[in-house]
Amino acid sequence: MITNKLQWKIGGEAGFGIMTTGVIFSKICTRGGLRTFAYPEYPSLIRGGHNTYQVTIDAQQATSQIHNVHLLVALNKASVTAHAYELMNGAAVIYDPADFAEEAPNLVGKEIVWVPVAMNDILKAKGAERIARNTIAIGASFGLLNYPFEYIEQVLKDWFGVKKPKLVEDNLVLAKAGYDATYQKYANYQFQLEPIKENARHMVLSGNRAIALGALQAGMKFYAAYPMTPSSDILGYMAKVERDMNIVVKHTEDEIAAMNMIIGAGMAGVRAMTGTSGGGFALMTEALGMAGMAEVPIVTVMGQRPGPSTGMPTWTAQGDLRMTLHASQGEYPMIVLAPGDIEECFYYTYKAFNLAEQYQLPVIILVDKYVQESWQSVVPFDTSKLKINRGKVVAQAELDKILANKEKFLRYKLEPDGISARSLPGMAGGRYIATSYEHDEYSTTTELEHEVTAQYDKRFKKLDTFLRNDSEAPKLYGEPNAAVTIVGWGSTKLTVLETLRLAKEQNISVNYLHFVQIQPLPVQAVQQAFANAKKTICIEGNKTGQLEGWLKQQADVKCTKSLHKYGGRPFYPEEILEQVKKLL
Amino acid sequence: MTISLTDTQTQAQPTWCPGCGDFRILLGIKKALVAMGKPLHASCIISGIGCSGKLNHYVNTYGFESLHGRTQPVMTGVHLANHKLNVVAVGGDGDGYGIGLGHLMHTMRRNMNMMYIVHDNQIYGLTTGQYSPTTRQGTKTASSPFGSLETPVNPVKLALASDGISFIARGFAGDVDHLYKLIQAGMEHEGFALIDVLQPCTTFNKINTYDFYKERVYKLEEDASFDKTNKDLAMKRSEEWGERIPIGIFYQANLPLYEASLPAIQDKALVEHDINNINITGLYKEFI
């Protein structure tokens, strides 16, 4: 019997609550101290089409979907045919014989435990709607997995209780019917889940939600955005908590407005953020450069999906790194951070707000559909050590002195660290014009070469100061002297950490060099890391090796090999390990 | 607190052409600020790009010289961050009715307590004389050597059609006394105020000159048959352009303010919120 190590998958038509069912499934596991990682796939439509949601469960850590499926809930026949290749020997398929017969799907040569559950009949008997099939499926899944019903009960009560108590009752009856249909009825099924009571309780959270929480904790008071997958959920969540968290949320007429609004708010002294994807980001770039020129602190979530153009809206990619690094005309400093998992989404978003104000520049949170819309179980975030740093804002007393001496406040003063104190509209004596035009220390328009060059250099000095004081080296995961070092950025971390666990089981010597801080690149740390590495393989969700090229250009380091994927799907640990083995 | 015109001065030197209507609009804004009597640091003037974009450098208030066409969202951001400021945007007809028209429609819909002054000279001046959205049809310019083909935008009519904006006026740069009072009224109005200002461009527009307007403009407030609270009358007057061109307030109403429905800024401006003691743990519950 294999306990607490398996992957559950549910498949069915879009529009029938598969996503919700997946989150509920994760939570039921997490309530029992298990660790989960959940990855949804769905097409860009509202009804019809094929949706899946898969959850990997582990006793200690789950960070990635895997290839093998151990329990499949097939809400239609297509779910079996589409995922037959993922079903491993001994896997179970929960299905309704009224939908299709077990012989129909082609699973030649595989030993499958067929688990018929008359979901449609149960629905009819209880007078429930079609969407409630999901609840029966959850019950049947946990019954088959020998998992205590009490956790299902707890989660369903919390989930539906908020909305309607009647729904709790109905769903519990349906879940129990599913549970009873499978519980201890399949002795030949070799997988089970067992609660681990001593494990600390986790939250189940998506990257989008973690980003939102990080921003809220950082004192973001204004969120302006236009809906665009995969970042729309940040807007929806912010709007939902707008009143509880005492913030202002603006769904704007377009992304240009969103970016310009947060720049206005940032200039006026409020921590502000927007979120979008490549298409929207393209529209924002002119204003992004203005934030660079006028030195306005702002935070932007740039959620990648496959391009070019509309590409594939609901799938994942890492193809916008270069676009982000070079966004907007001219040259100006910005910071680009690519958090790699749900925890990093929280902590780096928090950090982004401090950095934006400390260095008075745009900070980009570069993520992708994979980390934004995957739901991972994480320890509730520890906020006790987080500290707000608002950077150099001139004190009114200081301005009063300037006024008394009949001097002028120099908003863009040439300071050795490149950071001039800023005043906020409303402060007496702090008058200046935030401007997209090149300007002198006072903020007056200038086209004099020596003044222009001085301001240009001043802006870039901020990056030197950042590199001295707040820069983070790429982090190495795993044993220090491994035979192969995987190099990656952003969400690749999720899959690679699972790869490292898989490698350990197979006694393969490999570690992972993870890049979050991509701009400015900590060049010396990168060179040191590459000097320490033996063979390297750079893994990226794009065709042209955008990080690999950036590392070469900035740090003059080369990778031994690379692995690219750009078909909209995330990497799988098995395929990464396969490539690592070729380097040994 | 009393402020004088001298207080509104800055050391920056205007770069406009001699006789440009922008000088008159600048003076109108300064006189309105003086008349309003609010400390100058409590005002913020947002500009776009174009000749008008330089204006805030010449007024001793805070300012944001932003991008071409983006004054409305930048102004909205500043206003939502600190709605206690007197927030004013200035821009040209190309900026506001061309590249920025989309933003303008939505900003009008929201009726926030802000003001927008459009320097409407019916031409692109800084780029040396191309036709603009308000150029009369058939006008020959650098980009329309055979005459412009489009029907011009009617800013007043467009604003009336938004159904959200609560103050719509037209001023004339050649009559600063009338203009500054309009601007003051717009600043003091609770809601979004649009003032379209007929602004002669002495270099590139040889049609809509000071004399052209002086012969034609009349003041709506001096016409007893007009009522600025009557939208139908305003709509009718918005179509008047030819022998007689109306200036003054076309429409003024008491409409709900967007920000009145934002609980977060009822007691304090957003910028006044303390962000050092935020506790998000209350939000964790739904994730467990």
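Colleague: Where does A:Pro230 lie?
Modeller: A:Pro230 is in the loop of chain A that runs between β10 (222-225) and α8 (232-241). Helices here are DSSP runs of H or I with at least four residues, strands are runs of E with at least two, and both are numbered from the N terminus. This is a predicted model, so local features need pLDDT of at least 70 and side-chain atom pairs count only at pLDDT 80 or more, while totals for chains, interfaces and linings use all residues. Residues are numbered from 1 along each chain as its sequence is written, and chains are lettered from A and ligands numbered from 1 in the order in which they are written.

Colleague: And the peptide bond from A:Thr229 to A:Pro230, cis or trans?
Modeller: That bond is cis, with omega near 5 degrees. A:Pro520 sits in the loop between β21 (517-519) and α17 (523-532) of chain A. For background, most peptide bonds are trans, and most residues other than glycine have a negative phi.

Colleague: On phi, what is the value at A:Asn4?
Modeller: A:Asn4 is not a glycine, yet its phi is positive, about 60 degrees. A:Asn4 belongs to the loop between β1 (2-3) and β2 (5-13) of chain A.

Colleague: Is A:Asn4 buried or exposed?
Modeller: A:Asn4 is buried, because 22 other C-beta atoms lie within 10 Å. The rule is 20 or more other C-beta atoms within 10 Å for buried, 12 or fewer for exposed, and partly exposed in between, with C-beta atoms placed from the backbone.

Colleague: What about A:Ser443, what is its phi?
Modeller: Phi is positive there too, about 105 degrees, and A:Ser443 is not a glycine. A:Ser443 is in the loop between β17 and α15 (449-469) of chain A. A:Ser443 counts as buried because it has 23 C-beta neighbours inside 10 Å.

Colleague: Why does A:Ala397 count as exposed?
Modeller: Because A:Ala397 has 7 C-beta neighbours inside 10 Å. A:Ala397 is part of helix α14 (residues 396-404) of chain A.

Colleague: Switching to domains. How is chain A divided?
Modeller: Into domain 1 (2-201), domain 2 (205-378), domain 3 (396-469) and domain 4 (475-583). The bounds come from an automatic or database domain assignment.

Colleague: How many residues do domains 2 and 3 of chain A each put into their contact?
Modeller: Domain 2 of chain A gives 14 residues and domain 3 of chain A gives 12 residues. Two residues are in contact if their C-beta atoms, placed from the backbone, lie within 7 Å. On the domain 2 side, α10(A) gives the most, with 3 residues. That side has 11 nonpolar, 2 polar and 1 charged residues. Ala, Val, Leu, Ile, Met, Phe, Trp, Tyr, Cys and Pro count as nonpolar, Asp, Glu, Lys and Arg as charged, and the others, Gly among them, as polar. The centres of the two domains, taken over C-alpha atoms, are 26 Å apart.

Colleague: Now the two chains. How many residues does each bring to the contact?
Modeller: Chain A brings 52 residues and chain B 44 residues. The largest share on the chain A side, 9 residues, is from α9(A). By class, that side has 30 nonpolar, 14 polar and 8 charged residues.

Colleague: Which strand of chain B joins β17(A)?
Modeller: Strand β2 (residues 62-65) of chain B runs parallel to β17(A), with 3 bridges. Strands pair when DSSP finds at least two bridges between them. A:Thr435 has B:Glu65 as its bridge partner in β2(B).

Colleague: And which strand pairs with β9(A)?
Modeller: Strand β16 (residues 375-378) of chain A, antiparallel, over 4 bridges. A:Met203 is opposite A:Val378 in β16(A). A:Met203 and A:Leu205 point one way from β9(A), A:Val204 and A:Ser206 the other way, and all are buried.

Colleague: Last one: how many helices and strands are there in chain B?
Modeller: Chain B has 8 helices and 8 strands. Its radius of gyration is 20 Å, close to the 19 Å from the globule rule for 288 residues, so chain B is as compact as a globular protein of that length. The radius is taken over C-alpha atoms, and the rule is 2.2 Å times the number of residues to the power 0.38. Of the 288 residues of chain B, 50% count as buried.
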